[in-house]
Amino acid sequence: ARPGPTWYAHADLIHDSMPCEIGKGKRGKCAPLTFSLLSNLKNTNSSIRQSLFNIDSANKRIKRSNKLKIKAVKMELTLTRPDDWHLHLRDGDLLSTVAPYSARHFGRAIVMPNLKPPITTTAAAIAYRESIMKVLPADSDFNPLMTLYLTDTTSPNEIKLARESEMVYAVKLYPAGATTNSQDGVTDLFGKCLPVLQEMVELDMPLLVHGEVTDSAVDIFDREKIFIDTILRPLIQKLPRLKVVMEHITTADAVKFIESCNEGTVAATVTPQHLVLNRNSLFQGGLQPHNYCLPVLKREIHRQTILTAVTSGSKQYFLGTDSAPHERQSKETSCGCAGIFNSPVALSLYTKIFEEADALDKLEAFTSFNGPDFYGLPRNTSKIKLTKETWKVPECIPFSSGEIIPMFAGKMLHWKPSF
C-alpha cells in the first residue's frame, strides 16, 4: 500500500466518490473510465495477492529455517574440571580397564586402599600410585591422591611419613567386616587407634569414614544411623579439630549430622547411585545385583533428603562416586560382591540430578570446588563441557578376565561429557 486515493472495486462507488467531468455525474458516460479503472484494479489486486503469497511463503521458509536452527543448537555447560573424592580403581587387569574412564572425566581422585593386601603403609601407597600411572593414557594429566588403610596397628609415625610423602592425602577407616576387603579394618577405634587419630589432628590429615556398624544384630538399613550415634558423634566430640569426611552417605540421619557440624571440619561425599536409586531398585523385575552396593540403597525418603541437601549449595557436600568395579560373574552369583561401576556415567547422572532439581547453577561447586576447598588443595584450572545429547551406555565393558557391567548399562542418558 502507498499514500494516495482509496481504491474501490465497485463502479458505483467510483462514480459516487470521484469527480467525473465527462459524464457530469451520469453513470453511463463514466463507464469507459470505470471499466478502465476496474481493469487496473484487477491487475493491482492480482499483484497484491501475488505479493502477499510471496511474503507468506517467505515467512514459512523463515519459520522452517528457524526451527531447524533451534534443533541444531545444543545446550552446553562448561565446568571447572571435576574431581572424584572417593574412587576404587582395583589392581591388575581390572585397574588397567577402569582407570582410563576416571582419568577421562576427572582431574584428581582420592583412591581407596582396600586391595588384597590392603594399602597400610606409605611405601605401599606410593607403589600403588606408580601402578596406576603406568596404565593411564599417554596424554593424561590425571592425578591419583593416595590413602592409607587404617588398622589397629597403624602407628603415628606412619601418619608422619604419609604427610611427608606429599602423595598420601587421607586415612580410610573401615570398620572390620563393613564392606569389600575390610576384614583387616578397625576393631578398637577409641583404644588402639586413638594415638594415630591425635597425630592426624596435628598434621591436618583427614579421616575418611565408611560409616556403618558391623554388629549382625543391627538391621542393615539402620547401620549408618547407629554408627553416627555410637561412633562418629563421640569421635567428633573427643577430637573436634579432626577433619572427617563421611563417605557415601545414604540417610537423612547423615544429612542431619553433617549439618550439625562445623563447615570445613566435617563433610560428606555423595554417590550418583544414592541420588537416583532407592532400595526398590534392588528388587524391581527380580533381584538386581548390579544395583547392590554398600552402604546399601535406602528408602525414598532418605534419597529425597540427600538430594535436597546436595542441590542446596551447601559446601559440606562434594562429589565422590564410590565407583567400585567387579567382574560380572562376581556380581551375578549366589553371594555377589557389593559395588557399582559408575565412572562412565557419573557426570551425566550428577548433571541430570541437578537439572531436575532446577539447580544447575550449583552443580560446579559440588563437582569442582567443595572437594578441593575442604582438602586445602587448589581448584583445577582446566575445563570440561557437558552437552545435552542423548547417548547409550555400553551394555558391558570387556577386559582380559571377563567383563564389567556399568551402572545403567544399555540405557539412554541425556548429558554427555566432552573436552
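**Reading the labels of a predicted model**

In this predicted model, the charged end of Arg279 sits over the ring of Phe221, at 4.8 Å from the ring centre.

User: What makes the charged end of Arg104 count as sitting over the ring of Tyr101?

Analyst: The charged end of Arg104 is 5.1 Å from the centre of the Tyr101 ring. The cut-off is within 6 Å of the ring centre, together with a position within 35 degrees of the ring normal.

User: Why is the pair of Trp85 and Tyr375 called stacked?

Analyst: The ring centres of Trp85 and Tyr375 lie 4.6 Å apart, and the planes stand at 15°. Rings pair if their centres lie within 6.5 Å, and planes under 30 degrees apart count as stacked. Both values meet these limits, so the pair is stacked.

User: Why is the pair of Phe354 and Phe366 called tilted?

Analyst: The planes of Phe354 and Phe366 stand at 35°, with the ring centres 5.5 Å apart. Stacked requires planes under 30 degrees apart and edge-to-face requires over 60, so the angle of 35° makes this pair tilted. Phe354 lies in helix H12 and Phe366 in helix H13. Both residues are buried.

User: How do you know whether Trp85 is buried or exposed?

Analyst: The relative accessible area of Trp85 is 1%. Buried means under 20%, so Trp85 is buried. Tyr375, with 11%, is likewise buried.

User: Which residues are linked into a cluster by ring pairs?

Analyst: The cluster consists of Trp85, Phe318, Phe374 and Tyr375. Across the whole structure, the search finds nine aromatic pairs.

User: How do you know that strands E10 and E15 pair?

Analyst: Three bridges join E10 to E15. Pairing requires at least two bridges, so these strands pair. They run antiparallel. Thr387 has Lys416 in E15 as its bridge partner.

User: Why are E1 and E15 described as standing at the edges?

Analyst: The open sheet has three strands in the order E1-E10-E15. E1 (76-80) and E15 (416-418) each have a single partner strand, so one side of each is left without a neighbour in the sheet. Neighbouring strands are turned by 30° against each other on average, direction ignored.

User: Which helix lies across E1 and E10?

Analyst: Helix H13 (residues 363-375) lies across both strands, running at about 30° to E1.

Definitions and conventions. Residues are numbered from 1 along each chain as its sequence is written. This is a predicted model: local features need pLDDT of at least 70, side-chain atom pairs count only at pLDDT 80 or more; totals for chains, interfaces and linings use all residues. Side-chain values use heavy atoms; hydrogens and water are left out. Helices (H or I, at least four residues) and strands (E, at least two) are DSSP runs, numbered from the N terminus. Axes are lines fitted to C-alpha atoms, for helices over the stretch in contact, and angles run from 0 to 180 degrees between N-to-C directions. Contact means heavy atoms within 4.5 Å. Rings of Phe, Tyr and Trp (its six-membered ring) pair if their centres lie within 6.5 Å; planes under 30 degrees apart count as stacked, over 60 as edge-to-face and the rest as tilted. Buried means under 20% relative accessible area, exposed over 50%, partly exposed in between (1.4 Å probe, protein chains only).
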